[in-house]
Amino acid sequence: MIYSPVINLPERISDLNLSTLKTIALTCLALIAFAANSVLCRLALDREQLDASSFTILRLLSGIVMLVLISTVSSTSKSSTKKNWISSLALFIYAVAFSYAYISLDAGIGALVLSGTVQITMILASLIAGNKLHFLEWAGAAIAFSGFVYLFKPSLTTPSSTGFLVMIIAGVAWGIYTLRGRGAKHPIGDSRVNFLGTLPLILALLIVEFRNSNLTQAGIILALLSGAIASGCGYVVWYMAVRRLSTIQASVVQLLVPIIAALGGVLFAQEVISRRLIISSITILGGIAFVLWGQYLSADTGSTNSIFSD
């Protein structure tokens, strides 16, 4: 029987159901949380309200408290006792490297290196796992990334080599954490276990950096908001969303985070909407549309798996 996209069109349209809309909503909420996380970290470190190690420690500890509370009161969360040391280690490495990288990198180049590294990590993982990308997925990824580079091009000065390498480490770690989240059966319980698994590493960091800590009330509040809300709640939402996305979709949509952060600056910091921001946003959204279109066309060839899945 000859495949006809016209004949199958009604069936495809019917797939846009409540589950699809839920995935879109969860993804948008997660991306907003990521953008908020970035803004909170920059406020704390750029204004020297908190040192990088203290921000990381408070961020992870408050995330643990929030996830334990959510697990306790949620009737839908299932208890997960399976230790996932790879995910916990990836989460800790990301959090530490993210904080320390922003000491020597400006916001533009830091965000570019992080998101670019995440995208490359996840695409490579998909290829290593034996998945073939549709031409439109390749094209969309390239278009979206070019729009991202265009947005930050004016601020792309020569970065600190140390900060550059540390942010690459953060991007690889977050890419791995995201990929492993695609196999999460219980997002709340799995996120709680992942955060709890960082406790020994948090203690080690506290012992090493205790004498170098610099605490202020404002910095502590920023770190707690980052950990409890943007990280604790945000990562649960992301784990709920990412298991419904393909690897390439999950990698490309994260390029929206700096756009959301920039719009946040317009709303909360009285920044001006520039022509560069508008052009970059259209380019990135267009690239993501190509990725989703390519994923749609290749949907019948099989599902996308990851070598990092449980």
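Modeller: The model is predicted: local features need pLDDT of at least 70, side-chain atom pairs count only at pLDDT 80 or more, and totals for chains, interfaces and linings use all residues. Residues are numbered from 1 along each chain as its sequence is written, and side-chain values use heavy atoms, with hydrogens and water left out.

Biologist: Of the contacts between residues at least 6 apart in sequence, what percentage joins residues at least 24 apart?

Modeller: A contact means heavy atoms within 4.5 Å. Take the contacts in the protein between residues at least 6 apart in sequence; those joining residues at least 24 apart make up 90%.

Biologist: Which helices do the buried residues of α8 pack against?

Modeller: Helix α8 covers residues 187-196, and nine of its 10 residues are buried, so the rest of the structure largely encloses it. Those nine are Pro187, Ile188, Gly189, Asp190, Ser191, Arg192, Val193, Asn194 and Phe195. They pack against α3 (52-73), α4 (85-104), α7 (161-181), α9 (199-209) and α10 (217-242).

Biologist: Let's take α3 and α8. What is the angle between them?

Modeller: Two packed helices are described by the angle between their axes and the distance between those axes. The axes are lines fitted to C-alpha atoms, for helices over the stretch in contact, and angles run from 0 to 180 degrees between N-to-C directions. For α3 and α8, the axes are 9 Å apart and the angle is about 145°.

Biologist: Which residues of α8 meet α3?

Modeller: From the α3 side come Leu60, Gly63, Ile64, Leu67, Val68, Ile70 and Ser71. By class, the contact of α3 with α8 has eight nonpolar residues (Ala, Val, Leu, Ile, Met, Phe, Trp, Tyr, Cys and Pro count as these), three polar ones (the others, Gly among them) and one charged one (Asp, Glu, Lys or Arg). Their partners in α8 are Ile188, Ser191, Arg192, Phe195 and Leu196.

Biologist: Now α3 and α9. Are they roughly parallel or roughly antiparallel?

Modeller: They pack at an angle of about 150°, with axes 10 Å apart. Angles under 35 degrees count as roughly parallel, over 145 as roughly antiparallel, 65 to 115 as roughly perpendicular and the rest as oblique. That makes α3, relative to α9, roughly antiparallel.

Biologist: Which α9 residues make that contact with α3?

Modeller: On α3, the contact uses Ser53, Thr56, Ile57, Leu60, Leu61 and Ile64. The contact of α3 with α9 divides into eight nonpolar, two polar and one charged residues. The α9 residues are Leu199, Ile202, Leu205, Leu206 and Glu209.

Biologist: How far apart in space are Ser99 and Thr56, C-alpha to C-alpha?

Modeller: Ser99 sits in helix α4 and is buried, with a relative accessible area of 0%. Not counting residues up to four places away in sequence, Ser99 touches Cys41, Leu45, Ala52, Phe55 and Thr56. Ser99 and Thr56 are 43 residues apart in sequence, and their C-alpha separation is 6.6 Å.

Biologist: What separates the C-alpha atoms of Leu50 and Gln217?

Modeller: Leu50 lies in the loop between α2 (18-46) and α3, and Leu50 is buried at 3% relative accessible area. Beyond four places in sequence, its contacts include Asn214, Leu215 and Thr216. Leu50 and Gln217 are 167 residues apart along the chain, with their C-alpha atoms separated by 9.0 Å.

Note on methods: Buried means under 20% relative accessible area, exposed over 50%, partly exposed in between (1.4 Å probe, protein chains only). Helices (H or I, at least four residues) and strands (E, at least two) are DSSP runs, numbered from the N terminus.
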